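Subject: Structure handover

Hello,

The structure you asked for is below. My notes on it follow.

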Amino acid sequence: EIHERLVGSEMCIRDRCMINGVRLAAAFFLYRLLSDFVNKKRAFASAVLYLAVLTVLYYIPQILPNLAAYVIAMAAVYIVLIVGDFKKIRLKAFLCITFFALRWLAVGSVSQLMMLINQMTTTLMNNIEIFMTNIPAIIAMFVATEILEVVLCMLFIGFSVKMFLKVYKNACEELTVKEFIMLVLPMLAQVVGYQSVINYYDLYDKAMKAGVIEPVYEFNYTLLAFYLISYGAILVFLMLYQELKKMQENNKEQEILEAQIGNLKNHIDTAMKSYAEIRAMRHDMANHLMVLNELIESGRNEAAEEYSSKLNEMIIQTQSDVKSGNPVTDIVIGEYKDKCIKTGIDFTYDFHYPEKGVVDAFDMSIVLFNALQNACEAAQKTPHGYVSLKAFRKKNAYIIEITNSCAGRITVEPGKLPATDKDNAQAHGYGLKNIKRIAEKYYGGINIEPADDTFKLNIMMMLE
């Protein structure tokens, strides 16, 4: 009896240590998951609250089932995520439900795996004499299995979070209602399936202890397979979703690119008309001068002045003060220069189209079109807006440098493009992608240098 009490006391202590260990690990990996989507302070506060809520609910008299306790904990996490920041509320809800499902599946998988391990260790202990009479040896075996269970839980939860972060790539995008429903339903189905299995398992355990049925070890194998397949189903579903998103983005980029090419064709037509008018004017210039001389010689000074004024207006209309070395880039730069002047933005440029090289005029115009559009829109949000466009050649590298004022410092994660701050994020944010794609076409790339109230974009293209 004394031995049984000692063992029972030791098992109670180890159970508490195991539960607290798993809870701490879950809180850490919750922070790890959320920190990729929200700022680290908010992620840390969410993880601490999650740990606190579960700890309080564990040590007070049990009045709620486990499922309800974890639902309350994740609801508290969601409240912390949205208080003071109502952006991406569906994405944050999806993250909470995802962690809830992954954590439950991880613990469920480990529990069934440990059932099988315990069956083997029990058989082993019954066949070894030292475990039949030596209480410290029995306790040591129990402690070892408990430590193994905690370690496996940590590994399973950590692996789940790591795989989720690896598969899910839309950290900066809010989910649409349809996307939210599509992603959440499989998670909830796994949780409901898990809870249903637990309910049947409790009935099975009670019937087995009452001697109504014999132990069926195959049941543990079935449960373990269920949990592992559920893991795989969630990850495969997320991978398919990412492939779908990638296809949608590619189609959207292609649509935007085609629209920009259409606009550039209109610019080219405008430029060609201007050059045709200039050529026509040069062709008729001798006639204009002859008429003007005849008016002056005949003493019709007022008519000569009026004719000269109209001729001057015609010349001004066909002239462009932007001389970049290419008619298409003249039009693009001139257009955004005029827009900046009208909105009170200081616009300066020192841009010269590369004389020698293989850069297509269409590609160059798309780069300038997108870069200047982003720069002008950002500069409009500042009290003293400015946009600066420069271009220079360094050996075989042609470098375009665009600097503009912006409202605050723009956060740019390493290896990623900055997220758009426009309301409809899914319909925007393709400008930099198109710039990057064209730069890479010419074996170059882009570099972003954010600073306080300033944004600088460097675009490099190799000419030879």
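Glutamate 440 counts as partly exposed, at 42% relative accessibility; partly exposed covers the range between buried (under 20% relative accessible area) and exposed (over 50%), with a 1.4 Å probe and protein chains only.

Before the rest, two points on provenance. This is a predicted model, in which local features need pLDDT of at least 70 and side-chain atom pairs count only at pLDDT 80 or more, while totals for chains, interfaces and linings use all residues. Residues are numbered from 1 along each chain as its sequence is written, and side-chain values use heavy atoms, with hydrogens and water left out.

Salt bridges

Glutamate 440 pairs with lysine 436 in a salt bridge, with 2.6 Å between the closest N and O atoms. The term here means a side-chain nitrogen of Lys or Arg within 4 Å of a carboxyl oxygen of Asp or Glu. Lysine 436 is partly exposed too, with a relative accessible area of 32%. Both residues belong to helix H12 (residues 431–441) and sit 4 residues apart, about one turn of the helix. Helices are DSSP runs (H or I, at least four residues), numbered from the N terminus.

The search of the whole structure finds 7 salt bridges. Another of them joins arginine 90 and glutamate 174, at 4.0 Å from N to O. Arginine 90 is in helix H4 (residues 89–127) and glutamate 174 is in the loop between helix H6 (135–167) and helix H7 (177–209), so this pair ties together parts that are 84 residues apart in sequence. Arginine 90 has a relative accessible area of 28% and is partly exposed; glutamate 174, at 21%, is also partly exposed.

Aspartate 36 and arginine 32 form a further salt bridge, 3.0 Å from N to O. Their relative accessible areas are 34% for aspartate 36 and 36% for arginine 32.

Helix H3

Helix H3 (residues 66–82) has 17 residues and should span 24 Å at 1.5 Å a residue; its end C-alpha atoms are 25 Å apart, which agrees. The expected span is 1.5 Å times one less than the number of residues. Among the buried residues of H3 are Tyr70, Met74, Val77, Leu81 and Ile82. Just after H3, glycine 84 has a positive phi of about 75°.

Surface patch

Val177, Ile181, Leu185 and Leu188 make a nonpolar surface patch of about 350 Å². Valine 177 is placed in helix H7. Patch residues have over 30% relative accessible area and no salt bridge; nonpolar side chains (Val, Leu, Ile, Met, Phe, Trp, Tyr) are joined within 5 Å, like charges within 9 Å. Accessible areas come from the Shrake-Rupley method with a 1.4 Å probe, and for residues only the protein chains shown count as cover.

Regards

Methods: Helix = DSSP H or I, 4+ residues; strand = E, 2+ residues; numbered from the N terminus.
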